[in-house]
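Hi,

Here is the structure I promised to pass on. Have a look at it first, then read my notes below.

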Amino acid sequence: MEADYSDNNMKTKIKTFRGYKDPYVLVLGDKEAAENTVSINIRGNKQLNGVPLEKFLELCQKMNKEHSLDLIDSLD
């Protein structure tokens, strides 16, 4: 797990991580912090924006319980 605390804008930071083999990148910017949400960039150019933090934590608990790295494509 890595964090980018540089002064680059968020778009540049996300592009930097595209070369990694991580299945997804969690985006926490000023907007997400203000709205108590997270955005998730899933490998393969899929993106989930404005995911409520509580919903994301539930998803993490489920993934941990199932020993899975698979992230769902939507939060319906």
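This is a predicted model: local features need pLDDT of at least 70, side-chain atom pairs count only at pLDDT 80 or more; totals for chains, interfaces and linings use all residues.

Residues are numbered from 1 along each chain as its sequence is written, and side-chain values use heavy atoms, with hydrogens and water left out.

Back to asparagine 41. You'll find it in strand E2, residues 37–42. (Strands, E, are DSSP runs of at least two residues and helices, H or I, of at least four, numbered from the N terminus.) The side chain of asparagine 41 also makes a polar contact, at 3.3 Å, with the side chain of glutamine 47. A polar contact here is a pair of N or O atoms within 3.5 Å; within protein, one must be able to donate a hydrogen and the other to accept it, and residues adjacent in sequence count only if both atoms are side-chain atoms.

What about the rest of E2? Six of its six residues are buried, so E2 is largely enclosed by the rest of the structure. One side has Thr37, Ser39 and Asn41, the other Val38, Ile40 and Ile42, and both faces are covered. In general, side chains in a regular strand alternate between the two faces of the sheet.

Now for the neighbours. E2 belongs to an open, antiparallel sheet of three strands in the order E1-E2-E3. Strands pair if DSSP finds at least two bridges between them. E1 and E3 are at the edges with a single partner strand each, so one side of each has no neighbour in the sheet. Four bridges join E1 (residues 24–27) to E2, and leucine 26 stands opposite isoleucine 40, while valine 27 has serine 39 as its bridge partner. On the other flank, five bridges join E2 to E3 (residues 46–52), where valine 51 is the bridge partner of valine 38.

Cheers

Notes
Buried means under 20% relative accessible area, exposed over 50%, partly exposed in between (1.4 Å probe, protein chains only).
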